[in-house]
Amino acid sequence: MRRLVLTLSLIVGLSAICFDGRARAETIGTVTGLPIPRYVTLRSSQVNVRAGPGSRYPIEWVFQRPDLPVEVVSEFDTWRKIRDVDGTEGWVHQSMLSGRRAVIVLGQIRVLHLEPDDAAPAVARLEPGVIGKLEVCQNEWCEIEISGFDGWIHRSHIWGVRADEALE
């Protein structure tokens, strides 16, 4: 019985090591070596999103919004599987993506503040779906620029930056 317990313990321990190794490997892109997932933006005003990683796969839809933030969730050769703010996924060619960072305003009208403080004066009121250039994030606040207005917004009010991500 003791030998069976030791054997089971060894198997469970080895399984945990193998699982941990896979989990770490899946957090780095196999093609670029960059983190997966990561946020990027669409480079063009027309980006074909395909069912699979290659031009032989059918186009499922076309994004028509340049600078839209998307999340890279997988890589294959020159193709990136992306996810949009609504959770829709598909494959795009790497040339259609930019490393520039942007965010999209979520939910309802949000206040852009002069400083990272709820009591700070309002710079602008932002409609849901508005896209802004991401500049800096500190704690629960991010500095963004939208149509010439520069200010701070709660991280929870935007999509395009991870909750634990620090940008300087």
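This is a predicted model: local features need pLDDT of at least 70, side-chain atom pairs count only at pLDDT 80 or more; totals for chains, interfaces and linings use all residues.
User: What percentage of the residues is buried?

Analyst: Of the 168 residues in the protein, 37% are buried.

User: Which secondary structure elements are there, and how many?

Analyst: The protein has one helix and 14 strands. As for contacts, take those with a separation of 6 or more: residues 24 or more positions apart account for 52% of them.

User: Where do nonpolar side chains tend to be in soluble globular proteins?

Analyst: The general idea is that in soluble globular proteins they tend to be buried together. Here, the largest nonpolar core has 15 residues. Leu42, Phe63, Val70, Ile82 and Leu97 are those with the most contacts inside this core. Strands E1, E2 (47–50) and E4 (69–76) each supply at least two of its residues. E1 gives the largest share, three residues.

User: Which residues does leucine 97 contact?

Analyst: Leaving aside neighbours within four places in sequence, the contacts of leucine 97 include Val40, Thr41 and Leu42, and also Val70, Val72 and Ile82. Arg43 and Arg80 are among them too.

User: How many residues are in the second core?

Analyst: The second core is separate and has 14 residues, including Leu112, Ala124, Ile144 and Ile146. Two of these can be taken in turn.

User: Is isoleucine 144 buried or exposed?

Analyst: The cut-off for buried is under 20% relative accessible area. Isoleucine 144 has a relative accessible area of 0%, so it is buried. This residue lies in strand E12, residues 141–146. Its contacts, not counting residues up to four places away in sequence, include Val103, Leu112, Leu126, Phe149 and Ile153. Lys133, Glu135 and Asp150 are also among them.

User: How far apart are isoleucine 144 and valine 103 in sequence and in space?

Analyst: Isoleucine 144 and valine 103 are 41 residues apart in sequence, and their C-alpha atoms are 8.1 Å apart.

User: Where is leucine 112, and what does it touch?

Analyst: Leucine 112 is in strand E9, residues 110–113. It is buried, with a relative accessible area of 0%. Leaving out residues up to four places away in sequence, leucine 112 touches Ile144, and its other contacts include Ala124, Leu126, Phe149 and Trp152. Leucine 112 and glutamate 143 are 31 residues apart along the chain, with 8.8 Å between their C-alpha atoms.

User: Is glutamate 115 buried, partly exposed or exposed?

Analyst: Glutamate 115 has a relative accessible area of 46%, so it is partly exposed. Its place is in the loop between E9 and strand E10 (122–126). It touches Ala120 and Trp152, not counting residues up to four places away in sequence. Glutamate 115 and isoleucine 153, 38 residues apart in sequence, are 8.8 Å apart from C-alpha to C-alpha.

User: What shows where empty space is left?

Analyst: Rolling a probe the size of a water molecule over the atoms shows it. In this structure, the largest pocket has a volume of about 200 Å³. It is lined by 16 residues, and Leu34, Arg38, Tyr39, Val40 and Gly99 are the closest to its centre.

User: Which strands supply its lining, and which kinds of residue make it up?

Analyst: Strands E1 (38–42) and E7 (97–98) each supply at least two residues of the lining. The largest share, three residues, comes from E1. By kind, the lining has six nonpolar, four polar and six charged residues.

Notes: Residues are numbered from 1 along each chain as its sequence is written. Side-chain values use heavy atoms; hydrogens and water are left out. Helices (H or I, at least four residues) and strands (E, at least two) are DSSP runs, numbered from the N terminus. Buried means under 20% relative accessible area, exposed over 50%, partly exposed in between (1.4 Å probe, protein chains only). Contact means heavy atoms within 4.5 Å. On a 1 Å grid over the protein atoms alone, a cavity is a set of points where a 1.4 Å probe fits but cannot get out, and a pocket is an open set with protein on both sides within 12 Å along at least five of seven lines; lining residues have an atom within 4 Å of a point. Grid points are joined across faces, edges and corners, and a volume is the space filled by probe spheres set on the points. Ala, Val, Leu, Ile, Met, Phe, Trp, Tyr, Cys and Pro count as nonpolar, Asp, Glu, Lys and Arg as charged, and the others, Gly among them, as polar. A nonpolar core is a set of buried Ala, Val, Leu, Ile, Met, Phe, Trp, Tyr and Cys residues joined through side-chain atoms within 4.5 Å.
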